[in-house]
Structures are given as C-alpha cells and as structure tokens.
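Here is a short briefing on one chain. Keep the sequence and the structure open while you read.

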Amino acid sequence: MINLIDLAYVRVGTADMRAQLDFAQDIVGLELVRHEGDTAMFRADNRHHCLAFVEGDHVGSLASAFVLAGPAELEAAAAQLQADGVEVTRGTPEEARARRVQDFISFLSPGDNRIELVIGQVHVEARPVRWARPAGITEFGHLGIEAPDVMEAHDFWTRHFNIKVSDWIGENAVLTRIDPVHHKLAIFKDSTGLGHVNFQVGSIDDVMRSWRFLEANGVHITMGPGRHPQSTAIFLYFKGPEDMTWEYSYGVRLIPDDGTWVPRHFDTAEPDFIDMWRGAVPAARRQDR
Ligand SMILES: CC(C)c1ccc(C(=O)O)c(O)c1O
Ligand SMILES: [Fe+2]
C-alpha cells in the first residue's frame, strides 16, 4: 500500500500566462512566489507552492502531486506500481528542482491523469503568505480530477493507495480522503484532466465576501454559494481563464480515523444531492451521465 501523506501541488498548462497570472493573484488572491522561465508558482500555505502554471501548447492539467514520506517509500511505490504493469517515470534532478522537491516519480492514473509522487517538498514555515487579495484562504484544500470511468479510477486508487472513500455522488463522483479531511481527492466522471482546484477559507464571511467580489469583477460563478451535504462545506465555484474551475470552501467535515465511517451514496435525482440550499446546479453535475 502506498501511503499518501498530503497533496503537494498541481501543475497546469497555459497558453495565456498573462491571464492566469492576473486571475490567480488579483481574483483568487494567491501569492506569486516565483516566475522563472515558462513556469509561475503560487503559494497559499506553508508549501513552497501548491499551484504552478506552465506556459506552452498544452492547456489544462499537467500533473497532480502527492507527498510520500521519504526515499524508501518512493522506491517502494515505484516498485509496487511497476509490478502491477503501471509505467513509472523517474523525475530528473532538474525537473525535481523546478518543482521544489527532492525527488519524484510519475505515472498515469485511469483517465490518463498524470500523477506525481514527491518527497522533500520545500516548505516555508516562517514567512507568512503575502496574499495578493485578502480572500481569507487558509490552505490548498483538495483537487478534483476527471476520469471517464469513475469506478475504474476508484478501483485503481483504492488498490494501490491509502485512499478511503468518504462519499459517492451517484456513479458520477467519488470523494476520497487520505487523512481526516473529508476529501483531498475527488474523482469526477468526464474525459480527463483537472476538474477543479479547491482552497479552504477561514469563515463563511470569506466565502460570501468573495462571492460579492467575484460578481463585481464579472467572474463567472458556476455554482454557489451553497452547502455540500457530503463535506458540509459552504462552497463557491467559479471559472478562470482557459475554462479552469476554482473553488473556495469553508467548514469541511473531519472524519475520525476510528473505522466507523461508512461511505454514503447521494442520489443525483434528489434536489439537494449536492447543495443543501438547493441552489442551481450545472447540468453536467445533475444526473449520471
Ligand atoms: C462538485 C463536486 C461534485 C463536489 C461535491 C462535494 C464537495 C464537498 O463535499 O465539499 C466538493 O468539494 C465537490 O467539489
Ligand atoms: Fe470540491
């Protein structure tokens, strides 16, 4: 079993770095830590960065990364995946330096999502984040990745990793945890790529203030403000450049590690299956597709 300790970062390809730089800072509020060559790195907590945009022809997800404990765990993970027929690539020292990690491996998960397993991610403990806007972000919360067959993706992730299912949403989505936080990885039915990037904020007021701010700035809000019955978090989803979906949320449920949690199944035919306040839900999320 490969033990994922935490999320590390997400890397996203962009053909319009200027637009992504402006949106990530002026709208989302993240700190631009470094812009070197074709890569811009953003910080939201003690990680050196949790989001990197890489300029080039590929638009959308390049990789989602998780932290492993150390070198022995990295070697064991590579061996386990290879033994199961998964093609594993070793990061070069230069690639590792660019990611601010000591070492990493990568592979494709079902849905052709590139996953990187890293060790020694640089942390910045002392210096507070220099927020570009006071959105109230407390941390990089979770990732939503897409896969055409959610069940196949679930089988892969639970076979190899310490991933536990917290909840199912129809057959469209599975919300999974690697620690007490209700989910850090959500897998959605779709072609492939990055579903959304979530940032936790410190209060309901932060969500509502951002709602007003985004509206005033002409940002397309795709869902919310609302409250997810799964994590009980109060949420707001919005679109950035190149169709990227961002989420702020507050109040995610913690699940005690005592083995008593039973994954729940939410029926997409129910009016409040995804929003306890019954706000408008995009058609793509409304029924099993
Ligand atoms: C929109 C998706 C399906 C979703 C559903 C539930 C939660 C949650 O409980 O927090 C999410 O974060 C989601 O992204
Ligand atoms: Fe989410």
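Strand 11 (residues 173–177) pairs with strand 12 in the antiparallel sense, over four bridges. Within that pairing, T176 has L185 of strand 12 as its bridge partner. Bear in mind that this is a predicted model.

**Strand 12 and its other partner**
- Strand 9 (residues 137–147) is also joined to strand 12, by five bridges.
- Strand 9 and strand 12 run parallel.
- E146 stands opposite F188 of strand 12.

**Burial of strand 12**
- Strand 12 covers residues 185–189 and is mostly covered, with five of its five residues buried.
- Both of its faces are covered.
- L185, I187 and K189 are buried on one side.
- A186 and F188 are buried on the other.

- Domain 1 puts 27 residues into the contact, and domain 2 puts in 27 residues.

**The side of domain 1 that touches domain 2**
- Strand 1 (6–14), helix 1 (17–28), strand 5 (60–67) and helix 2 (71–83) each supply at least two residues to this side.
- Helix 1 gives the most, with five residues.
- By class, this side of domain 1 has 13 nonpolar, ten polar and four charged residues.

Notes. Residues are numbered from 1 along each chain as its sequence is written. Chains are lettered from A and ligands numbered from 1 in the order in which they are written. This is a predicted model: local features need pLDDT of at least 70, side-chain atom pairs count only at pLDDT 80 or more; totals for chains, interfaces and linings use all residues. Two residues are in contact if their C-beta atoms, placed from the backbone, lie within 7 Å. Ala, Val, Leu, Ile, Met, Phe, Trp, Tyr, Cys and Pro count as nonpolar, Asp, Glu, Lys and Arg as charged, and the others, Gly among them, as polar. A residue is buried if 20 or more other C-beta atoms lie within 10 Å of its own, exposed if 12 or fewer, and partly exposed in between; C-beta atoms are placed from the backbone. Two strands pair if DSSP finds at least two bridges between them.
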